[in-house]
Amino acid sequence: MVIPVVGSVTVSRWPFRLQSRQICGCRQLSSHGQRLNDTRTPFYLPHLPRQLCVTSRASASPSTGSSGRTSVAILWFKHDFRLDDHPGVHQVMHSDSIDVVVPVYLFDPQIYARVVNCKDMARVLEGAVGSLAAKLKKQGGADLVVACGAWEETMPRIVDDVCSLYGTTKDNIRIVTEEECEVGWVDGLERVRGALEQETRVDTWTALMYHDYTEESFPEWLGARGSMTETYGDVVLSKEKAHTSLNDGSRLDAQHIWAEVGRVRQEQYLHTSRTDDDMSYDPFVVDVSSDEDTARQCIDEYIGYRRPFSPTVHAAIRRYDTQATIDGCFPAIFLTALQLGVLSRRRIHRDAMEFITTSCEDALEMPIGGSPVAWAGWLLSSHGGACARLEKAKKARAALVATELGDFHLGQAYMRHGKEVFESKLHYWRWRGILTDYLYSPPTSNPIPNAPAIVLVHGFGAFGEHWRRNIKELADKGFHVYAPTIPGYGRSEKHSVQYGQTLWSTFLADFISEIVTTRVVIAGNSIGGYISASVAADYPDMVAGLVLLNSAGKIDQSFTAEAAADVVRKPPPSFIVDGISRLLFTFLEGDIENQLKRLYPVRPENADEWLSQQIRRASRDPQALGVFRSVFFLPPPRPLNYLVSSLFQGPTLVLQGALDPLNDAKTRAHDIVESCPNANCILLDAGHCPHDEVPEQVNNAIASFTADLI
């Protein structure tokens, strides 16, 4: 898997012109997203020539534009390691205004540290880059430029080298790359634009499936989304006009990737008791995610174009399709490949739709007449009988729903990232392939030195913006404040995964480590309180203090970890789980307004129309029901008092709405304090969500508690 140094390919002349447009939504992030203490200089990979000018001027002889200068497109790959259905490749190769295309990959360890979270992911990235380089070479003889270093330092140097190689000027070079909407990627792209000083144009593309997106619910978007965007095939490069370079056999290998990323994670992320070496990926998933051709073969087999299922794919489906995660095999197998752009979401959606609407219908045409043997063959044949095809259609529908919902949330992220929401900045972050959002507000004035950041964790059915009356107010008191949306809630993607305290607490720990990057006071409401306590218990080096607001979690002073290890919970049958979940889900969705007002007994007006609309909007996402189903399959939870007093043992504040209609709140608060010597309690004249009902009291209490920890 050799990655060559440099190359270019002359553009074929098609009547399609690349449209120039500004980077959409690339706004400067607040201070937490900027590069900190980074004095690195860019460098090409070891043993690679410093300059790109490795071909002679005689061999580098592309045509010239009307200005007499060579027009060059630098095709910058970031997390789009494919040639199939690649809008950027399609545009530059079919533009009559571009003479030369130089494909480039820049490995910036700080950017990729959020993607490469273990050694297996380093191997995936190595494979994805190598696969892309091999396809570029095979299809058109083009060589992929690979360099390592900070984007804003390396890209200008590559532009200078391209100018030298082709005798052109910076204003005759354009950089073509994917538009960004996620934290880190947005800021990195903005830094590149700033470093280029507007001399070199940056054009961006997206691979969204539809033209129109809305901030409304998923079903409403389905009804008004309009026509699909075009899906492109593989681009065949012209070998006769390709400009290639000498190849010295150097590689971007997993060991180098992990060493550089590990350094960033060690220096800039919050170090925890959990190490990245504890993480690993299924070897089958690593293989699928590392190579475009392998991934496409696997998805074709999954959808139904190659049948029957091979033993490896069938084993993966059985491994990940569980009672708790129906059709969980699709995100388990393909989410990493989609995250790195090895697979096209549009292509999967189109192929799944085609299979469902055509092949499945053909398979269900019963034979007219014939013997019982023919009928049995039609029904049972593993090579296309009705049963086999129905199973294939089920998987195709899972792929269709997953890609459509992912596209919907990505479209919303392009629309919403960087917006001011309740006087705080909205950001998007992709955690292990799942896209979610969070609000952040820095200290507005007089930041308190050495103060821990404050992380606010919402409850069941809510989202980060439920802390609308707390984020800016706490920032005004001198703190950095974050409010993430937990996966499965709000505007986060809702894949078929095993939701529960393990997933949510791991997400929150990674959020603190990678986004906040400093010790925190973590405050959680309802189930968010239990998740916060779990993080404090499992990662006490991250948490300076814990605040519980009407927290979930049982109190059991007789609990021991040894006895709990022997307890096995057997979930009820699936049809019972589905029935109960759907009834509860339907009841809550149909009566959201009244249920909310019941939880706000002192100030029911705070349970306003906006809040009920947002909860209803999230509940209408496909797979939202899966969060309800997960409750039945969770392992027995550790008691709240065990997490707080035995494991965390740090400063804890209980802010208890005494009028909570869901339980005897006063007695519960007393029990928490009695079983947790490290906890103090303040009873509030409020219901289940005191942070939104009496925000002034909650804000003052959290600010005072946090300031006392300095």
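# A salt bridge at D510

D510 and R432 are joined by a salt bridge, with 3.1 Å between the closest N and O atoms; a salt bridge here is a side-chain nitrogen of Lys or Arg within 4 Å of a carboxyl oxygen of Asp or Glu. Because D510 belongs to helix α16 (residues 501–516) and R432 to the loop between β10 (424–431) and β11 (434–441), the pair ties together parts that lie 78 residues apart in sequence. Helices (H or I, at least four residues) and strands (E, at least two) are DSSP runs, numbered from the N terminus.

The relative accessible area of D510 is 3%, so D510 is buried, while R432, at 31%, is partly exposed. Buried means under 20% relative accessible area, exposed over 50%, and partly exposed in between (1.4 Å probe, protein chains only).

# Basis of the report

This is a predicted model, in which local features need pLDDT of at least 70 and side-chain atom pairs count only at pLDDT 80 or more, whereas totals for chains, interfaces and linings use all residues. Residues are numbered from 1 along each chain as its sequence is written, and side-chain values use heavy atoms, with hydrogens and water left out.

D621 forms a salt bridge with K494, and their closest N and O atoms are 2.8 Å apart. D621 is in the loop between α21 (609–619) and α22 (624–630), and K494 is in the loop between β13 (481–484) and α16, so this pair ties together parts that are 127 residues apart in sequence. D621 counts as buried at 3% relative accessibility, and K494 counts as buried at 2%.

Side chains of opposite charge can pair when their charged atoms come close. A salt bridge joins the side chains of K135 and D293, at 3.4 Å from N to O. Since K135 lies in helix α3 (residues 119–140) and D293 in helix α9 (residues 292–303), the pair ties together parts that are 158 residues apart in sequence. K135 is buried, at 10% relative accessibility, and D293 is partly exposed, at 35%.

K135 and D293 also belong to a network of salt bridges that links them with D84, E292, R296 and R347. In the whole structure, a search finds 38 salt bridges.

Q255 lies in helix α7 (residues 254–268) and is exposed, with a relative accessible area of 67%. The C-alpha atoms of Q255 and E126 are separated by 9.2 Å, although these residues are 129 residues apart along the chain.
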